[in-house]
Amino acid sequence: MRKTIAMLTTVLLVGTAATVPAQPTQSQKNECLLASKNCTDQVDDIYKRMQRLDSEIKKGTKVYSPQELKKLQQKLTETQELLRDLEKPGK
């Protein structure tokens, strides 16, 4: 019984240590913009978000697949539309 508990505890500790996400580098995909993953401490205003989306789109097919680029472009378009709606008078 004790041996089983010790083994399960060891497996749990090793399993949780392996789940710590690595910090993304500039050459990697921006998972926060693409799929809302690994977004620790990333709070952007609407202008910064558009800037980040545009810079990721400019990386092109070196980093992203065509489907991912399309998704990023769609998010940029949605963000631009949101900004236009917010800038309309009378709201």
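How many salt bridges does the structure hold? It holds three, a salt bridge being a side-chain nitrogen of Lys or Arg within 4 Å of a carboxyl oxygen of Asp or Glu. Side chains of opposite charge can pair when their charged atoms come close. The pairs are taken up below, after the overall fold.

This is a predicted model, in which local features need pLDDT of at least 70 and side-chain atom pairs count only at pLDDT 80 or more, while totals for chains, interfaces and linings use all residues. Residues are numbered from 1 along each chain as its sequence is written, and side-chain values use heavy atoms, with hydrogens and water left out.

Start with the chain as a whole. It has four helices and zero strands. Along the sequence the pattern reads α-α-α-α. Helices (H or I, at least four residues) and strands (E, at least two) are DSSP runs, numbered from the N terminus. The chain has 91 residues, and 22% of them count as buried. Buried means under 20% relative accessible area, exposed means over 50%, and partly exposed lies in between (1.4 Å probe, protein chains only). Now the contacts, meaning heavy atoms within 4.5 Å. Among contacts with a separation of 6 or more, 52% join residues 24 or more positions apart.

Turn to helix α3, residues 46–58. Its 13 residues reach 18 Å from the first C-alpha to the last, close to the 18 Å expected at 1.5 Å a residue. The expected span is 1.5 Å times one less than the number of residues. At the start of α3, a side-chain oxygen of Asp45 comes to within 3.1 Å of the backbone nitrogen of Tyr47. Just after the helix, Gly60 takes a positive phi of about 65 degrees.

Which residues of α3 are buried? They are Ile46, Met50, Arg52, Leu53, Glu56 and Ile57. Seen down the axis of α3, these buried residues fall within an arc of 165 degrees, so they line one face of the helix. The arc is that of the directions from the helix axis to the C-beta atoms. On the face turned away from the buried side sit the exposed residues Gln51 and Lys58.

Lys58 leads back to the salt bridges. Its side chain meets that of Asp54, at 3.3 Å from N to O. Both residues lie in α3, four residues apart, about one turn of the helix. Lys58 counts as exposed because its relative accessibility is 66%. Asp54 has 31%, so it counts as partly exposed. Another bridge joins Lys59 to Glu56, with the closest N and O atoms 3.1 Å apart. Here Glu56 counts as buried, because its relative accessibility is 6%. Lys88 and Asp85 also form a salt bridge, at 3.6 Å from N to O. Lys88 is partly exposed, with a relative accessible area of 47%. Asp85 is partly exposed too, with a value of 33%.

Helix α4 comes next. The buried residues of α4 are Glu68, Leu69, Leu72, Lys75, Leu76, Thr79 and Leu83. Viewed down the axis of α4, they fall within an arc of 120 degrees, so they line one face of the helix. The face turned away from the buried side carries the exposed residues Pro66, Gln67 and Lys70.

The Glu68 side chain reaches the backbone nitrogen of Ser65 at 2.9 Å. This is a polar contact: a pair of N or O atoms within 3.5 Å, where within protein one must be able to donate a hydrogen and the other to accept it, and residues adjacent in sequence count only if both atoms are side-chain atoms.

What does Glu68 touch, not counting residues up to four places away in sequence? It touches Lys29, Leu34 and Val63. Lys29 sits in the loop between α1 (2–17) and α2 (31–35). At 29% relative accessibility, Lys29 counts as partly exposed. Lys29 and Val63 are 34 residues apart in sequence, and their C-alpha atoms are 6.2 Å apart in space.
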